[in-house]
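Subject: Handing over a structure

Hello,

Here is the structure I promised to pass on to you. Please open it alongside this message, and then read on for what turned up in it.

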Amino acid sequence: MSTLIVPPLLSSPRDDAMHLYRAFKGFGTDTSAVISILAHRDAAQRALIQHEYRALYAEDLLKRLTSELTGKLETAVLLWMHDLPGRDAIIVRQALIADILNLETATEVICSRTSSQIQVFKQHYYAKFGVHLEHDIELRASGDHKKLLLAYVSTPRYEGREVDRNMVEKDAKALYKAGERRLGTDEKTFIRVFSERSAAHLAAVDSAYHNMYGNSLKKAIKKETSGHFEHALKTILQCSENPAMYFVKLLRKAMKGLGTNDSALIRVIVTRTEIDMQYIKAEYLKKYRKTLNDAVHSETSGHYRAFLLALLGPNQ
């Protein structure tokens with residue numbers, strides 16, 4: 001079967017819809033053609049392709065993709081077809097309502113997003129599933145982890161780079177008093193500071209904490225907290241300082257050792273491609289002296305590999 005290679009940006013959404021229809025027709029799917037079209041289209045273009053496909057063929061493109069693709073490739077392509085907030089809503093909902101509750105994934109997505117990203121994905125969550133995100137968190141999470149998630153998704157945070165030095169020092173002292181200085185931990189203080197302060201402010205608090213007490217805030221969190229609560233605090237802190245490095249470590253963990261954690265690999269690549277993948281690739285190369293593309297290439301195969309590498313772009 002000859003493969004239909006479509007120039008990445010020259011086709012109109014209508015042309016793309018027609019090429020996809022042709023790729024599905026006949027005996028077997030021309031998967032290379034599907035990848036060459038969809039992996040090179042942004043969220044707005046993908047939405048238009050879906051619209052044109054329905055108009056031309058009275059059929060839902062996502063349903064067609066479900067019936068034409070299988071396995072890990074199907075999972076990756078279907079997730080990619082949504083826009084950013086819709087995707088986050090789907091990932092978090094699946095993690096919270098799964099038979100085996102996946103609080104780790106829900107925490108990763110919620111705590112690595114900016115305040116404005118969370119507000120938009122909350123709207124998508126309600127529109128798609130008819131329940132508020134807070135309702136599902138209330139139902140499925142517990143203890144201090146639940147309190148932190150609820151505070152984090154409902155509190156608007158400043159997203160600029162300016163910080164108030166006096167406030168930074170005050171927060172560093174409050175966190176020290178709430179943790180390392182006392183017997184037991186005052187979790188309320190950690191929840192308040194981590195859910196209310198901007199990323200720039202938290203990064204400054206970490207630096208001030210280290211200067212004042214000779215210890216990193218990350219180590220203090222590790223010592224004073226545990227489980228999902230610890231994971232949430234560490235995610236917020238890491239993403240306040242260097243979100244790209246946070247995702248580099250997630251990718252490394254997904255590919256390290258025996259076997260590959262494909263759901264984590266798909267989740268990170270698909271959700272970050274349209275946000276900060278160039279920074280993630282640069283940080284990965286700097287930290288591990290190997291390109292992210294090469295790492296993904298050695299852990300995957302077939303059309304699944306081709307799709308992920310197409311999303312990653314040039315090997316650099």
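**Cysteines**

The sulfur of Cys111 is 8.5 Å from the closest cysteine sulfur, which belongs to Cys239, and that is too far for a bond. A disulfide is a covalent bond between the sulfur atoms of two cysteines. Here, a pair of cysteine sulfur atoms counts as a disulfide within 2.5 Å, and the structure holds 0 disulfides. Cys111 is buried at 1% relative accessibility, and Cys239 is buried too, with a relative accessible area of 12%. (Buried means under 20% relative accessible area, exposed over 50%, and partly exposed in between, with a 1.4 Å probe and protein chains only.)

A word on what you are looking at: this is a predicted model, in which local features need pLDDT of at least 70 and side-chain atom pairs count only at pLDDT 80 or more, while totals for chains, interfaces and linings use all residues. Residues are numbered from 1 along each chain as its sequence is written, and side-chain values use heavy atoms, with hydrogens and water left out.

The largest pocket holds about 650 Å³ of space. A pocket, on a 1 Å grid over the protein atoms alone, is an open set of points where a 1.4 Å probe fits, with protein on both sides within 12 Å along at least five of seven lines; lining residues have an atom within 4 Å of a point. Grid points are joined across faces, edges and corners, and the volume is the space filled by probe spheres set on the points.

There are 26 residues in the lining of the largest pocket, and His231, Tyr246, Lys249, Leu250 and Lys253 lie nearest its centre. Two or more lining residues come from each of α7 (103-111), α14 (217-224), α15 (227-241), α16 (243-255) and α17 (262-272). Helices here are DSSP runs (H or I, at least four residues), numbered from the N terminus. α15 gives the most, with 8 residues. By class, the lining has 6 nonpolar, 9 polar and 11 charged residues. (Ala, Val, Leu, Ile, Met, Phe, Trp, Tyr, Cys and Pro count as nonpolar, Asp, Glu, Lys and Arg as charged, and the others, Gly among them, as polar.)

The second largest pocket has about 430 Å³ of space. Cys239 turns up again here: of the 25 lining residues, Arg113, Thr114, Ala199, Cys239 and Ser240 lie nearest the centre. α15 again supplies the largest share, this time 4 residues. The lining of this second pocket divides into 10 nonpolar, 7 polar and 8 charged residues.

**A serine in a loop**

Ser198 sits in the loop between α12 (187-196) and α13, and is buried, with a relative accessible area of 7%. A polar atom of the Ser198 side chain lies 3.0 Å from the backbone nitrogen of His201.

**Aromatic rings**

How many aromatic pairs does a search of the whole structure find? The count is 11. (Rings of Phe, Tyr and Trp, taking its six-membered ring, pair if their centres lie within 6.5 Å; planes under 30 degrees apart are stacked, over 60 edge-to-face, and the rest tilted.) Tyr21 and Tyr53 form a tilted pair, 6.4 Å centre to centre with 55° between the planes. Tyr21 lies in α1 (residues 13-24) and Tyr53 in α3 (residues 43-57), so the pair ties together parts 32 residues apart in sequence. Tyr21 is partly exposed at 25%, whereas Tyr53 is buried at 0%. Together with Phe24 and Tyr57, these two tyrosines form one aromatic cluster.

Best wishes

Notes:
A polar contact is a pair of N or O atoms within 3.5 Å; within protein, one must be able to donate a hydrogen and the other to accept it, and residues adjacent in sequence count only if both atoms are side-chain atoms.
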